[in-house]
Amino acid sequence: MRPFDLTRPEELSAACRDTNGENAAFIAGGTNLIDLMKLEVETPGHLTDISRLGLDGIETDAQGLRIGATVTNSDLAADTRVREGWPVLSRALLAGASGQLRNKATTGGNLLQRTRCPYFYDTDTACNKRAPGSGCAALKGEQRNHAILGTSDHCIALHPSDMAVAMRALDASVELCDAEGESRRVGLEKFYRLPGKTPERETHLRPGELITAVHLPKAGGDRQVYRKVRDRASYAFALVSVAAVLRMKGGRIAHAALAFGGLGTQPWRDPEVDALLEGETPSQALFDKAGEVLMRDAVVHEGTAFKVPLGKRVLTAVLKEVTA
Amino acid sequence: MKVTLNVNGASHWLDLDTRVTLLDALRDHLKLTGTKKGCDHGQCGACTVIAGGRRINSCLSLAALHDGDEITTVEGLSDDELSDLQSAFVAHDGMQCGYCTPGQICSALGMLGELSEGWPSHVSETLDGPVRPTREEIAERMSGNLCRCSCYPGINAAILETAEGS
């Protein structure tokens, strides 16, 4: 690990000022960042500890729920309000990582965790995300935990989060704060960037800007399911996952919000899939069509070709369950 | 960097490089070598300790981030006599080489606390029902602890017996 300074400011504005420089990073749970620092994939010269800024509360407000950025994944999954009103989020969190990691990993950190592409982690290989312009070893390497949606010729790295997939289906937005104390809200659909030619830039966060909270509006559907398919039964990243938030009315789908993990370079949601389902009567033909629409722009490689049929099947299984 | 760690009821004042992980602080600076370094990347669970009442991977945290925290390691679980959980591991042969055992035991202790608080898991049928310790629940909740001797049946039985007895 490279040497770094660490500060523990007691105020939010001071934390943002401390982290305004290019080579500075916020740290809370640290479960991903410390790992990446050990491997020297991340080499910050300064860390700002934000774990004691009081950002660890969950509050109910008129719109829904405000989740502080340093609420741990465990506390969020176990929160009775989340379990009752946003169960897809509890389910997604409980499907991710291990008990120990969920006790440390935070809400903001989960959104910002880096890909688990093995070439991103291996500093002896080419990776445009880690070393811009160096190439992409994954394109001709071992592919499995890689994306097929939103990729580019420069990067096929997958966003690994389960939590963020549920949050996309729940129309979550993030609350951000900068060094001047200015705060803004950004919908999760506008928070992440596609890799394009700059896969090293993953979000629209500005320098020194900190996620202070995630806002969940009241769920648009009472029927919520999170299904995750992976190589082992527990403690593994998704090959494919689907978060579904649905409302039925008179035998028809009144509201549909589908989000996907294991497929995209960011937690994936496709408005055309949702639009196709809304107003329709559930049927196998409809579910097949939804799968076709979801995969219409998929770019597969030898190691990821299985994700097209697998993704369609998981989507069908989830739609059957959630509309039954 | 000045760091105070309260480990197993005793306070320690340390001056550490910011890079020192909680695991290395415990093992190399406080000579509490019961906590083991396995993968050092949060994948195996051998380094599990209880910090602030919750089980965590001590390899994936910096000592400086735990300034003032209460830490419990395997050394803090018993004095002269083994705890019920430790005795159950012995009775059920929940180990072979023993390297993962301190992490298994600290993780199990934290996990039993989570169960008693009613936290659901990935395999719980409902999110709002009572959670009962079953083999399936324990296997899911302990998936962050690997045992390369594959003593899982004994580990699971030891934890199940402890959960049912408490």
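This is a walk through a structure with two chains in contact, beginning with chain B and ending where chain A and chain B meet. The model is predicted, so local features need pLDDT of at least 70 and side-chain atom pairs count only at pLDDT 80 or more, while totals for chains, interfaces and linings use all residues. Residues are numbered from 1 along each chain as its sequence is written, chains are lettered from A in the order in which they are written, and side-chain values use heavy atoms, with hydrogens and water left out.

Let us start with the fold of chain B. It has 5 helices and 5 strands, where helices (H or I, at least four residues) and strands (E, at least two) are DSSP runs numbered from the N terminus. Along the sequence, the pattern reads β-β-α-β-β-β-α-α-α-α. The C-alpha trace of chain B spans about 45 × 35 × 30 Å along its principal axes.

Next, look at the two parts of chain B: domain 1 covers 2-76 and domain 2 covers 84-165, with bounds from an automatic or database domain assignment. Their C-alpha centres are 22 Å apart. Each domain gives 16 residues to the contact, which here means heavy atoms within 4.5 Å. Between them, the domains bury about 1,300 Å², 54% of it on carbon and sulfur atoms; buried area is the accessible area (1.4 Å probe) that two parts lose on being put together, summed over both. On the domain 1 side, B:Arg54, B:Arg55 and B:Val74 lose the most area, together 43% of what that side buries.

B:Arg54 also takes part in a salt bridge with B:Glu117, with the closest N and O atoms 3.1 Å apart. The term stands for a side-chain nitrogen of Lys or Arg within 4 Å of a carboxyl oxygen of Asp or Glu. The rule finds 2 salt bridges across this domain interface.

Now step out to the two chains. Here 37 residues of chain A are in contact with 39 residues of chain B. About 3,300 Å² is buried between the chains, and carbon and sulfur atoms give 53% of that area. There are 3 salt bridges between chain A and chain B. A:Arg8 forms a salt bridge with B:Asp67, where the closest N and O atoms are 3.5 Å apart. Several elements of chain A give two or more residues to the side that touches chain B, including β3 (46-49) and α5 (87-94). The largest share of that side, 5 residues, comes from α6(A).
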